[in-house]
Amino acid sequence: MHSPVFVVGSPRSGTSALVDVLSHIGYHGFQEGNFLHLLHYIDAVVDRHYVWFPDTDKRVMLPNIDKRDLKRRLFETFRTVVNDLNPTDPWFDKTGNPEMILAIPIVRELWPGSVFVLAKRRGIENVTSRTKKFPGQTFEYHCSDWAKNMAAWRTIRQQLPPGCFIEVEQLDMIQQPERTARSLCAFLQTDESAVPAACEAMSTQRPEESAEGSASKTSSLAESGWTVEQKETFLKHCENEMKEFGYTMDEQYSATL
């Protein structure tokens, strides 16, 4: 079995459901990670600091500190902390934000055998679910954040070798659990006996469903119930990523379905 497994993707896209699946087939980990995306921030801060202070005078301390070595030492601290909290294989981490996706190249250096599972969901349903689950955030924030997650994944996906990532559509886990479970288990290289457990989890577990049946409900943009202004906001932020991932604006959901 591949380990560790990093579940990434926009919140409200099935990340929690995938955690349940992994737990059912023998993986362990925390329900939420919310830690490793700090790697992206630290990487950016160190880069910015060396730009701010470009001094090459060896009488100054900073030019005597190799930037790549500094990053390596800082990042190794993260690996030690996380490994201490996950002492046995196989384990997973779930962190749903664009910064975690952007940190994947660093994560791969820290855990060379790691694999990545992207949980994805069409923007219309994702934003609808987000606004119900997190009403304290603005509609525009939810649109922008979904788009940032998807755009970040498209960027990072190009840098990943084949075989170290899989994309799992949230709707497929509900409508085609057996096929989706079999595909995920094959990717993770689990025993065949794991497939029924994964299928059962996909069929029955809805850990973050905001209302009964809401996880499988789809809607066209026209029938979303959003105001004209909200629809314009959605298109401004999300239209490009909708096209890039083959999502439609109508009840068909996806051009590939």
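In which hand, left or right, does helix 1 pass helix 10 in their crossing? Helix 1 crosses helix 10 in the right-handed sense. The model described here is predicted. It contains an open sheet of four strands, and helix 1 lies across strand 1, strand 2, strand 3 and strand 4.

**The sheet**

- The four strands of the open sheet follow the order 2-1-3-4, and their pairing is parallel.
- Strand 2 (92-94) and strand 4 (165-169) form the edges, each pairing on one side only.
- From one strand to the next, the twist averages 20 degrees.
- Four bridges join strand 1 (residues 5-8) to strand 3 (residues 115-120) in the parallel sense.
- Val8 has Leu118 of strand 3 as its bridge partner.

**Helices on the sheet**

- Helix 1 covers residues 15-24 and runs at about 165 degrees to strand 2.
- Helix 9 (residues 177-188) also packs on the sheet, where it touches strand 1, strand 3 and strand 4.
- The direction of helix 9 makes about 165 degrees with that of strand 4.

**Helix 1 and helix 10**

- Helix 10 spans residues 194-204, and its axis is 8 Å from that of helix 1, at an angle of about 150 degrees.
- Angles over 145 degrees count as roughly antiparallel, so helix 1 is roughly antiparallel to helix 10.
- On the helix 1 side, Asp20, Val21 and His24 take part in the contact; they meet Ala197, Ala198, Ala201 and Met202 in helix 10.
- By class, the residues of this contact are five nonpolar, one polar and one charged.

**Helix 2 and helix 3**

- The axes of helix 2 (residues 38-52) and helix 3 (residues 67-85) come within 11 Å of each other, crossing at roughly 160 degrees.
- Helix 2 and helix 3 are therefore roughly antiparallel, and their crossing is right-handed.
- Helix 2 contributes Leu38, Leu39, Ile42, Asp43, Val46, Asp47 and Tyr50 to the contact, while helix 3 contributes Lys67, Leu70, Lys71, Leu74, Phe75 and Phe78.
- Nine nonpolar and four charged residues make up the contact of helix 2 with helix 3, with no polar ones.

**Aromatic pairs**

- The structure has nine aromatic pairs, and Phe6 with Trp91 is described here.
- The ring centres of Phe6 and Trp91 are 5.8 Å apart and the ring planes stand at 80 degrees, so the pair is edge-to-face.
- Phe6 belongs to strand 1, and Trp91 to the loop between helix 3 and strand 2, so this pair ties together parts that are 85 residues apart in sequence.

Key: Residues are numbered from 1 along each chain as its sequence is written. This is a predicted model: local features need pLDDT of at least 70, side-chain atom pairs count only at pLDDT 80 or more; totals for chains, interfaces and linings use all residues. Side-chain values use heavy atoms; hydrogens and water are left out. Two strands pair if DSSP finds at least two bridges between them. Helices (H or I, at least four residues) and strands (E, at least two) are DSSP runs, numbered from the N terminus. Axes are lines fitted to C-alpha atoms, for helices over the stretch in contact, and angles run from 0 to 180 degrees between N-to-C directions. Contact means heavy atoms within 4.5 Å. Angles under 35 degrees count as roughly parallel, over 145 as roughly antiparallel, 65 to 115 as roughly perpendicular and the rest as oblique. A crossing is left-handed if the near helix is turned anticlockwise from the far one by less than a right angle, and right-handed if clockwise. Ala, Val, Leu, Ile, Met, Phe, Trp, Tyr, Cys and Pro count as nonpolar, Asp, Glu, Lys and Arg as charged, and the others, Gly among them, as polar. Rings of Phe, Tyr and Trp (its six-membered ring) pair if their centres lie within 6.5 Å; planes under 30 degrees apart count as stacked, over 60 as edge-to-face and the rest as tilted.
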